[in-house]
Amino acid sequence: MTLKELARQLGLSPTTVSRALNGFPEVSEATRIKVREAAQASGYHPNLQARRLATGRAMAIGHILPMAPSHDLVNPIFADFIAGAGEIYALRGYDLIMTLVKEGDEDAAYRAMAAKRNVDGVILHGARDLDLRPDLCRELGLPFVIHGRVETPASGDLWIDTSHESAFEQLVLLLIDQGHRDIALINGPEGLRASAHRRAGFERAFLARGLEVPRLYMVSGEVSDETGRDAAAEMLSWRSRPSAFVTASLMGAMGVRRAVEDAGLALGRDISLVTWDDGLSFVTNRGLNPIYTAMKSPVREAGQRAAQMLIDRIETPDIAQTPLLLEPALLMGQSLGPLKM
């Protein structure tokens, strides 16, 4: 399929089709959508070199990953997010450029991307406390979308996140309504905004019921099976052990489950467990009778939507866009049960 053939099929001029695919503002949004859908259906792929020459853009999106073992990006959710974003990049004719840097070298990496002009924009992963990356990108003139929410976003900043705070409040309320009071939170790394939102939701549930927050049972660490297992094993050895756990990821929940079973206890009977579930493609909590009661987050969709938002901002800077907060869905599983007296 050539550009001329696609234009003939749509009843449009080759110039209009080219401009629609390249995001020129004089083409209406309806026409752009029509052309993109037809190009996808017909398997048409634009000549990237020609697009670069025609638009002056690099036709690439940047992702910078710090190489730190405690960083949230070691979480497998990153792969699913990138898979979703990659689908949109392929559809819209963009390459993905991923740069791995030592912790502390991120600023230099963003400056290098801007100087080389080898990307048209970047996605900022893992929003943090006191996150200065948005300010840096504005200084460098790099369009960006934040995956997560910084503490005080500037007017006009675009971000996409899932509602961790309301999700954790709902999960803890489920436990409280089953009679649980000694509830442990195994959270993600400190310094990440998602961890702060989870903790806020956890605390808000207790305050909503007029109960004291069990801070003794609140811990943070890497989002991993090992962290979940070690934290749960230690707390289950205490004389005053928790009767229920809330974890920041399905990986952590799997670790808690191992600790519960190692202690000779039964999940859902002796110890309850609810979790955040990032809906990983290779670790699932589905089926007719799921193991874990979980709030499921659409990671792949988040990647798709973030990529779409960023490319739209690159190609049509004046288009009206707003940040997006996705709501997770509650999935009831076998891991939740009433307090055993």
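Where is the place of Leu100? Hi everyone, that is my way in today. Leu100 sits in strand β2. Before I go on, a word on the basis: this is a predicted model, where local features need pLDDT of at least 70 and side-chain atom pairs count only at pLDDT 80 or more, while totals for chains, interfaces and linings use all residues. Residues are numbered from 1 along each chain as its sequence is written, and side-chain values use heavy atoms, with hydrogens and water left out.

Strands here are DSSP runs of E with at least two residues, helices are runs of H or I with at least four, and both are numbered from the N terminus. Leu100 is exposed, at a relative accessible area of 53%. For the cut-offs, buried is under 20% relative accessible area, exposed is over 50%, and partly exposed is in between, with a 1.4 Å probe and protein chains only. The areas themselves come from the Shrake-Rupley method with a 1.4 Å probe, and for residues only the protein chains shown count as cover.

Leu100 also belongs to a nonpolar surface patch of about 360 Å², together with Met67, Leu96 and Met98. Patch residues have over 30% relative accessible area and no salt bridge; nonpolar side chains (Val, Leu, Ile, Met, Phe, Trp, Tyr) are joined within 5 Å, and like charges within 9 Å. Strand β2, residues 95-102, gives the largest share of this patch, with three residues.

Now to the charges. A salt bridge is a side-chain nitrogen of Lys or Arg within 4 Å of a carboxyl oxygen of Asp or Glu. By this rule we get 25 salt bridges.

Let's take Arg133 and Glu106, whose closest N and O atoms are 4.0 Å apart. Arg133 is in helix α7 (residues 133-140) and Glu106 in helix α6 (residues 106-116), so this pair ties together parts 27 residues apart in sequence. Both Arg133 and Glu106 are buried.

Glu139 and Arg111 form another salt bridge, at 3.1 Å from N to O. Here too helix α7 holds the Glu139 end and helix α6 the Arg111 end, so parts 28 residues apart in sequence are tied together. Glu139 counts as exposed at 56% relative accessibility, and Arg111 as partly exposed at 39%.

My last pair is Glu203 and Arg215, with 2.7 Å between the closest N and O atoms. Glu203 lies in helix α9 (residues 193-208) and Arg215 in the loop between α9 and β7 (218-220), so the bridge links parts twelve residues apart in sequence. Glu203 is buried at 19%, whereas Arg215 is exposed at 52%. Thanks, everyone!
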